[in-house]
Amino acid sequence: MTMRAWQFTEVGEPLSLREVPAPTPTAGEIVVQVRAAGLCHSDIGFLDGTLTPLLPFRPITLGHEIAGIVATVGANVEEFEVGQQVVIPAAIEGPGTSMDGGFADFVAVPARLVVPMPDGVPFDQAAAATDAGLTSYHAVAIQGQVGAGTRVAVVGLGGLGSVGAQIALALGATVHVAEKNERVHDFARSLGVDAVVSDINDLRDLEFDVVVDFAGFGTTTDGAIHAVRRGGRVILVGLGLARAEIDLQALTLNEVELIGSQAGTKEDCAAVLELVAARRIASRITAIGFEDIGDGIGKLERGEVVGRLVATFG
């Protein structure tokens, strides 16, 4: 049996839609019928050469934000059954990076990487939760140790930052947002945050417990260091720049903790899905069809997407 798959072949070339053999599970694997697959800026990095060294072979089917239904179960797999709804959290060792991914009708994956979906979670929201949700939760709840009463500032209200702000609110924090794109300020206010500004430096006097920088442009991280209280935490998630200057004097004299945060765990993903199921958080989704994935990558690269871009199909 064959299936459709969007594959990466060469740096600088667009994704190619191909007919490829459908996967069969080996021992310890399951095959998932994909119902939703998120498009991510990492996919652009694979195409333009930035992240290409991470890929073990070519052509390879991309897509690392996956939600679907178990289609086949391999030998020695007891925790999943055919027909069960599941997600595959984004991971370097997972589909779309180390093996063929979810821009296809079916994907094979080691069962140890898979997380069951709670009832009532739409497939598009579940797919977004595997990366934006997972990464945001890990940054806010685990690295930031945000809880009830924590005073938080979120820098950057893109796909990750908007979820991160909602997670902080769901955990009982008070939240301010710094986002240079004023077109999303009304959206930020609709989430229930205390205030929205264009620059984190406008919040310097508020002395937050935690600032989560989802932008990572150096100036944003430096501004975050000046916006936290003495002994506060700055969590760096965004990588707008690979290298940047920060005020080491302010960092040191105020005993500020600067903590990097990347991706998360299966447990983080499960926690995010529970928040989605409880309608405490939701990603802002721009939906497309399977046949639009190639064009969707281009729109993402040109900055034409609001929120998370998710293909739903199956």
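Student: Which residues have the most contacts inside the largest nonpolar core?

Tutor: This is a predicted model, and its largest nonpolar core has 45 residues. The elements that each give two or more residues to this core include the strands β5 (65–73), β9 (151–155), β10 (174–178) and β12 (208–213), together with the helices α2 (123–143), α3 (159–170), α4 (185–190) and α7 (266–277). Inside this core, the residues with the most contacts are V87, V152, V175, V177, V212, L273 and I281.

Student: Which element gives the most residues to this core?

Tutor: Both helices and strands are among the elements that give two or more residues, including α3, β10 and α7. The element that gives the most, with 9 residues, is α2.

Student: Which residues does I281 touch, leaving aside those up to four places away in sequence?

Tutor: I281 belongs to the residues with the most contacts inside the largest core, and for this list a contact is a pair of heavy atoms within 4.5 Å. With residues up to four places away in sequence left out, the residues that I281 touches are V163, Q166, I167, A170, V272, L275 and V276.

Student: Which residues line the largest cavity?

Tutor: The count comes to 1 cavity of 30 Å³ or more, and the space in the largest cavity is about 40 Å³. Helices α2 and α7 each supply at least two residues of its lining, and α2 gives the most, with 3 residues. I281, already met in the largest core, is also part of this lining, whose residues are Q125, A129, G133, V163, V272, V276, I281, A282 and S283.

Student: Which residues are the closest to the centre of the second largest pocket?

Tutor: The second largest pocket holds about 220 Å³ of space. Strands β1 (2–8), β2 (16–21) and β7 (106–110) each supply at least two residues of its lining, with β7 giving the most, namely 3 residues. Of the 17 residues that line this pocket, the closest to its centre are M3, P23, D100, V107 and A108.

Student: How far away is the nearest side chain of opposite charge from E29?

Tutor: E29 is found in strand β3 (residues 29–39), and among the residues it touches are T24, V73, A108 and P110. E29 is buried and yet has no salt bridge, a link that would need a side-chain nitrogen of Lys or Arg within 4 Å of a carboxyl oxygen. The nearest side chain of opposite charge is R112, at a distance of 8.6 Å.

Student: Is E255 buried or exposed?

Tutor: E255 is found in the loop between α6 (248–253) and β14 (257–260), and it touches R230, G231 and G232, not counting residues up to four places away in sequence. Its relative accessible area is 53%, and the cut-off to pass is over 50%, so E255 is exposed.

Student: How many of the 9 residues of helix α5 are buried?

Tutor: Helix α5 (residues 219–227) is mostly covered, and what covers its buried residues includes β9, β12, β13 (228–236), α6 and β14. The buried residues are T220, T221, D222, G223, A224, I225 and A227. Out of the 9 residues of α5, the number that are buried is 7.

Methods. Residues are numbered from 1 along each chain as its sequence is written. This is a predicted model: local features need pLDDT of at least 70, side-chain atom pairs count only at pLDDT 80 or more; totals for chains, interfaces and linings use all residues. Side-chain values use heavy atoms; hydrogens and water are left out. A nonpolar core is a set of buried Ala, Val, Leu, Ile, Met, Phe, Trp, Tyr and Cys residues joined through side-chain atoms within 4.5 Å. Buried means under 20% relative accessible area, exposed over 50%, partly exposed in between (1.4 Å probe, protein chains only). Helices (H or I, at least four residues) and strands (E, at least two) are DSSP runs, numbered from the N terminus. Lys and Arg count as positive and Asp and Glu as negative; His and the chain ends are not counted. On a 1 Å grid over the protein atoms alone, a cavity is a set of points where a 1.4 Å probe fits but cannot get out, and a pocket is an open set with protein on both sides within 12 Å along at least five of seven lines; lining residues have an atom within 4 Å of a point. Grid points are joined across faces, edges and corners, and a volume is the space filled by probe spheres set on the points.
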